[in-house]
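Visitor: I would like a close look at a single part of this model, and then a connected account of what surrounds that part in the description.

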Amino acid sequence: MSSVLQPASTGNDPSPTGTYRPVSSHLAIAPPVSVVIPAMNEAENLPYVFKTLPDWIHEVVLVDGDSTDDTVEVARALWPDVKVVEQRGKGKGDALITGFEACTGDIIVMVDADGSADGQEIVSYVSALVSGADFAKGSRFANGGGTDDMTFIRKLGNRALCAVVNRKFGARYTDLCYGYNAFWRHCLDKIDLDCTGFEVETLMNIRVVKAGLKVQEIPSHEYLRIHGVSNLRAVRDGLRVLRVILDERSNRRALRSRTHSPTLVPAGSARGKAAS
């Protein structure tokens, strides 16, 4: 993981309209920003989520996982221009992939729908990206971050899995299983997401390292879920995360083996004749 940011490009204006969006009194951005929110039965939490989102966001994409409450109606009332997309399958990974495909912004931000994330932090993620990072990764354990939601067992498991990823893939992450991240849309072509569950966050973190993308960790504070109960199951999902790590490690070894395998010279070739 790179902690050194390269200067942002000073070439053509990346904004389709050529106009800049004011972020604050001293900062403006050109790239449009899409925020993806996967949600299932989160009608009570959405008011807390939407009220923290900056008004300079290009679009909000809500991926509805077949909610039986008023999730969609509440979202439309809170953000009239929200783009609602129906989830095709099941699982958080499937919801995110569906949302990413619907985005039109150059920058994509992932935000959970349970009210645990502060949308005002988006400016920090976007600032890292326009300054040269490819992937801005939220961290609850970087200096300045924090969490009100993780139990001791979950913290221990996250730390252990993070250590394995750092050792096996040469990363320097301080957090692994966190869903508040942002990246340039073109990065999707390099990480090729193909999992459906909570382990999608770990898969992203591993594949951005394998792809050689520039990563910047962003200190983030995770708050308690406001209403409802999380679908996360520490042991079940921890095992799925571990399986992803092992699978990605196996794939890396197989690729390395193919890369370094000797080239066979066909019989009768010029090289073969020279050796005779």
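Visitor: Is Asp66 buried or exposed, and what is its relative accessible area?

Guide: Asp66 is exposed, because its relative accessible area is 66%, where exposed means over 50%, buried under 20% and partly exposed in between, with a 1.4 Å probe and protein chains only as cover. This is a predicted model, in which local features need pLDDT of at least 70 and side-chain atom pairs count only at pLDDT 80 or more, whereas totals for chains, interfaces and linings use all residues. Residues are numbered from 1 along each chain as its sequence is written, and side-chain values use heavy atoms, with hydrogens and water left out.

Asp66 is placed in the loop between strand 4 (59–64) and helix 2 (71–78); helices (H or I, at least four residues) and strands (E, at least two) are DSSP runs, numbered from the N terminus. Although Asp66 is not a glycine, it has a positive phi of about 60°. Most residues other than glycine have a negative phi.

A positive phi is also found at Asp192, a residue other than glycine, with a value near 45°. Asp192 lies in the loop between helix 6 (188–191) and helix 7 (200–210), and with a relative accessible area of 51% Asp192 counts as exposed.

Among the buried residues of helix 7 are Val200, Glu201, Leu203, Met204 and Arg207. Helix 7 is followed by Gly212, whose phi is positive, near 75°.

The largest cavity holds about 30 Å³ of space, a volume being the space filled by probe spheres set on the points, which are joined across faces, edges and corners. The lining of the largest cavity consists of Asp112, Ser116, Ala117, Tyr178, Gly179 and Tyr180, lining residues being those with an atom within 4 Å of a point. By class, this lining has three nonpolar, two polar and one charged residues, where Ala, Val, Leu, Ile, Met, Phe, Trp, Tyr, Cys and Pro count as nonpolar, Asp, Glu, Lys and Arg as charged, and the others, Gly among them, as polar.

Finally, Phe152 is placed in helix 5 (residues 152–169), and Phe152 counts as exposed because its relative accessibility is 61%.

Terms used: On a 1 Å grid over the protein atoms alone, a cavity is a set of points where a 1.4 Å probe fits but cannot get out, and a pocket is an open set with protein on both sides within 12 Å along at least five of seven lines; lining residues have an atom within 4 Å of a point.
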